[in-house]
Amino acid sequence: MTALRRRRVLQSALAAAVLGASGLAGAAAVAGATRGGYFRAALGGARGTDSWDARTHAGLFMSAAAQGAIFDTLTEVAAGGALRGELATGWSASPDARVWTFDLRPGVRFHNGKAFGAEDVLASLALHRDAASPARPIVAEIEEMRATAPHQVQFTLATGNADFPYLLADYHLLIYPAGQIAEAMARGIGTGLYRVERFEPGRRFIGHRVAEHYKDGRAGWFDGVDFLAMNDPRDRLEALRSGRVDAIDRLPAAEAAALQAEPRFTVQSLAGNQHYGFALRTDLAPFADPHLRQALKAAVDREAMVAQVLHGHGSIGQDSPIGPANPYFAVLEPQGFDPDRARWHLAQAGHERIALPMLVSEAAFDGAGRAAELYRESAAQAGIALELRRLPPETHWPRDSAGFRAGGWSGRATEDWAFSTVLTEAAPWNATRGGSGRFGTLLREARAEFDSTRRAELYAEMQRISRDEGGLILPMYANHLQAHSARIATPKRVGAMRAMDDSRMAERWWMA
């Protein structure tokens, strides 16, 4: 690497943060936090098939119980978005960011007493070479991984990736005890702050604080946690108001103002990268026609959706999985509601009037039904008849199930992470089946690029491609809306990468 090139690497804020991070200090002590008490939460996203196998985790209930309580990952994204070590204490990269070396935390033990080391990392990450794992796109980029010492691992990537340490914070990349993974998945054996006392898939999780932990004094303030699975937002709200639980996720936006007016409760409305909308399968007729996709984008009244679905707790989206909290977010002109433009694209596609079925479930996002109704009303002005097929609130479906459906996505801390999760061909959550061609070429180039100016250009073009050509119709960036009782205290900064303090409220919150 030339001297000029090396200077450009250091000029990149993101690359400097990643390459220079050590994670040695870990999380700082939290002012005012006290130990004791039991925390009860009602959470959505639960399924009867839930297990401790991280390859199956998709909803908040399991991410909060698993990464947020029982298990650890190598790295952790702090509430403010900075990267820090969890089971890793430090990391360094080769000049081209292809070879990464991670130092691992000594003295850590799993809940069954087994000592943590390099072999546990290798065995745990190897699980995700399985095509069914949501984290497969991350692990697939690793050409070789090996232990270089009992507490050190080295990864060689197919191409350089300045974001690689961020990717290892993915909530699917939990660390299990090597040689005991089947047992760990059956019983919930990790290195986290809490150990499993009771687990009923799709219904309940109870965890008790371990006696001694490497995060003592910095996290894990509750003596125990009790998570109740409640997929219906009305049930969660009633549980909070009745005092049955201390906190809930996904507070319905229409109820936020009334709940905030009650002194017993605090409502958190946190802007992150979460986005709500609809996905079109671009590999299926008629959505493979770019003119039809453009017609559907022009037929959305985004302002009406933000006002009537989010009730002010969000902003207008621009049909890209990159959100305002991402470092290379490009402020683009969003598609405006334009029935005449939609009709023109319909004519170009040979569909001057068309009827399209759309699958809708409140499992996609709270208010999905109302959003679909608003879409149907605005689309009708352009000659598009949307036939809403409503599914029960607890219904989840795989990405292959529909050509046109409502969907909600939490976003990710970096652009590569977000695009790789939602818009690469191999991504399990690629609901559109897009991401090939020039988009895929740009993704690979941006991943290995360290010059911040060039990286911004590449990611801006990818966001424009997603807006103009892709199958995502994302009218709304939605704040994370959640609430807790006066019994609970939180840090001044609460994470918004995912709901409930990035699913880590069991670690980060305490009794008031």
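I take buried to mean under 20% relative accessible area, with exposed over 50% and partly exposed in between (1.4 Å probe, protein chains only). I number helices (H or I, at least four residues) and strands (E, at least two) as DSSP runs from the N terminus.

**Entry 1: ground rules and overall count.** I am working on a predicted model, in which local features need pLDDT of at least 70 and side-chain atom pairs count only at pLDDT 80 or more, while totals for chains, interfaces and linings use all residues. Residues are numbered from 1 along each chain as its sequence is written, and side-chain values use heavy atoms, with hydrogens and water left out. I looked up the secondary structure of the chain and noted 18 helices and 21 strands. Of the 512 residues, 60% count as buried. With contact meaning heavy atoms within 4.5 Å, I noted that 72% of the contacts with a separation of 6 or more join residues 24 or more positions apart.

**Entry 2: helix 14.** I looked up the burial of helix 14 (residues 415–422) and found this helix mostly covered, with eight of its eight residues buried. I count two strands as paired if DSSP finds at least two bridges between them. On that basis I traced an open sheet of four strands in the order 4-5-7-6, with antiparallel pairing. Its edge strands are strand 4 (88–93) and strand 6 (142–149), each of which pairs on one side only, and the twist averages 20° from one strand to the next. Strand 4 and strand 5 (residues 99–104) are joined in the antiparallel sense by five bridges, and I noted Ala88 opposite Leu104 in strand 5. Strand 5 and strand 7 are likewise antiparallel, over five bridges, with Val99 standing opposite Thr156 in strand 7. Between strand 6 and strand 7 I found six bridges, again antiparallel, and Ala147 facing Val153 in strand 7; these two strands form a hairpin with two residues between them. I then checked the burial of strand 7, and because five of its six residues are buried, this strand is largely enclosed by the rest of the structure.

For angles I use axes that are lines fitted to C-alpha atoms, for helices over the stretch in contact, with values running from 0 to 180 degrees between N-to-C directions. Helix 4 (residues 118–126) lies across strand 5, strand 6 and strand 7, and runs at about 165° to strand 6.

Entry 3: I located Ala162 in the loop between strand 7 (152–157) and helix 6 (164–167). Is Ala162 buried or exposed? Its relative accessibility is 1%, so Ala162 counts as buried. I also noted that the C-alpha atoms of Ala162 and Arg447 are separated by 6.7 Å, although these residues lie 285 residues apart along the chain.

**Entry 4: helix 15 with helix 16.** The crossing is left-handed, a term I use if the near helix is turned anticlockwise from the far one by less than a right angle, and right-handed if clockwise. On the helix 15 side I listed Arg438, Phe439, Leu442, Leu443, Glu445, Ala446 and Arg447, which meet Arg454, Arg455, Leu458, Tyr459, Glu461, Met462 and Ile465 in helix 16. The residues of this contact divide into eight nonpolar, no polar and six charged, where Ala, Val, Leu, Ile, Met, Phe, Trp, Tyr, Cys and Pro count as nonpolar, Asp, Glu, Lys and Arg as charged, and the others, Gly among them, as polar.

**Entry 5: helix 10 with helix 12.** I looked up helix 10 (residues 290–298) and helix 12 (residues 339–349), which pack at an angle of about 165° with their axes 8 Å apart. Helix 10 is therefore roughly antiparallel to helix 12, and their crossing is left-handed. The residues making the contact include His291, Leu292 and Gln294 of helix 10 and Arg341, Trp344 and His345 of helix 12. By class, the contact divides into eight nonpolar, four polar and one charged.

Entry 6: I traced an open sheet of seven strands in the order 8-9-10-1-11-19-12, with mixed pairing. Strand 8 (194–200) and strand 12 (265–270) are the edge strands, each pairing on one side only. Strand 1 (residues 38–43) and strand 11 (residues 247–248) pair in the parallel sense over two bridges, and the bridge partner of Ala42 in strand 11 is Ile248. Helix 3 (residues 60–70) packs on this sheet and touches strand 1, strand 8, strand 9 (204–209) and strand 10 (224–229), its direction making about 155° with that of strand 8.

Definitions and conventions:
Parallel < 35°, antiparallel > 145°, perpendicular 65-115°, else oblique.
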